[in-house]
Amino acid sequence: VHFVQAALEPGAEVLLSLDWERRFDHMQQHSGQHLITAIAEQMFGFKTTSWELGRQRSVIELDTPSMTAEQVEALERSVNEKIRERVPVMVRELAADDPEIETVRSRGLPDDHAGPVRVVDIEGIDSNMCCGTHVSNLSDLQVIKLLGTEKGKKNKINLVFLAGNRVLKSIEQSHSTEKALTSLLKNGPGEHVEAVKRLQSSVKLLQKNNLNLLRDIAVLIARDFKSKPVQSQLFVLHRKEGDSEFMNIIANEIGTEETLLFLTVGDEKEAGLFLLAGPVEAVENLGPRVAELLGGKGAGKRGRFQGKATKMSRRGEVQALLQEFISHGSPEA
């Protein structure tokens, strides 16, 4: 569909400008889909029920609950053989009442269809009703790469593929990634997977050790507070690398029957987590106010109110609110 500023006279010559790289890409993917669809049905009886032309990759929905890796490999080999055979692709129009239409692959014409029917033929392989743009010879597809299958709708699978220049772009992208990983991991491409596995194992161990250390620190912080001769009614603490468990351990160790605790973890000036713990009535009264001041949301029960905050820089205002509550028995209005 082309939108013009004024009506055109029938038969008038016009100059049309289009994005040829995009158009040719669509031609390659569309003709590639026709070829894959035809060969998949011939080889395995898998019918195509729909397909999607994506920006990076395309997907064909096949009416089969599964497709083996061996079948995918055989299909890829067969479609590329047809490309090497340089099979012509032709477009023709048939009258709507032409009996030959019955031999053409189709999901049926719309009830309101009028005029000739456009048919795209891949010589000796497929005839299909289609209104899309196509290459004139399978050699223009260059190559087709099947990327495997994904789970589709009930009793169907999605076959993912690349055709033509998209295969070259994919290889270039993969090669760039491979070079970057080689530089980062300090080994060859064949060792990348094992190197990443080792790194993952190391990270898991470090995370476990870090969690254990945080737990120990939380217990020590609580014990230090409880060991003081005179305990404050308000305990405030912020730790950047903490988490919800860290805050709850401190609250458990200190006890919240008499002490009001305001604990925060995360970025000091941006986002993080908070916990308000203490006497039930005080927490129910103050919790929503604390969340509001911190620009966050939270919920609580039985003397604990916790949630996420977006304005950790306002911790001082929260502390002032809590101090006011302790001094006067109610927060300043």
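**View 1. Helices H4 and H5 cross in this predicted model**. The axes of helix H4 (residues 192–226) and H5 come within 8 Å and cross at roughly 30°, where axes are lines fitted to C-alpha atoms, for helices over the stretch in contact, and angles run from 0 to 180 degrees between N-to-C directions. Because angles under 35 degrees count as roughly parallel, over 145 as roughly antiparallel, 65 to 115 as roughly perpendicular and the rest as oblique, H4 and H5 are therefore roughly parallel to each other. Helices (H or I, at least four residues) and strands (E, at least two) are DSSP runs, numbered from the N terminus. The model is predicted, so that local features need pLDDT of at least 70 and side-chain atom pairs count only at pLDDT 80 or more, while totals for chains, interfaces and linings use all residues. Residues are numbered from 1 along each chain as its sequence is written, and side-chain values use heavy atoms, with hydrogens and water left out.

**View 2. Five strands form an open sheet**. The strand order is S8-S9-S10-S12-S11, with mixed pairing, two strands being paired if DSSP finds at least two bridges between them. Strand S8 (234–239) and strand S11 (297–301) are the edge strands, each pairing on one side only, and the twist averages 10° from one strand to the next.

**View 3. Strands S9 and S10 pair in the antiparallel sense**. Six bridges join S9 (residues 260–266) to S10 (residues 272–277), and Val-265 has Leu-273 of S10 as its bridge partner. Helix H5 (residues 244–254) packs on the sheet, touching S8, S9, S10 and strand S12 (304–309).

Terms used:
Contact means heavy atoms within 4.5 Å.
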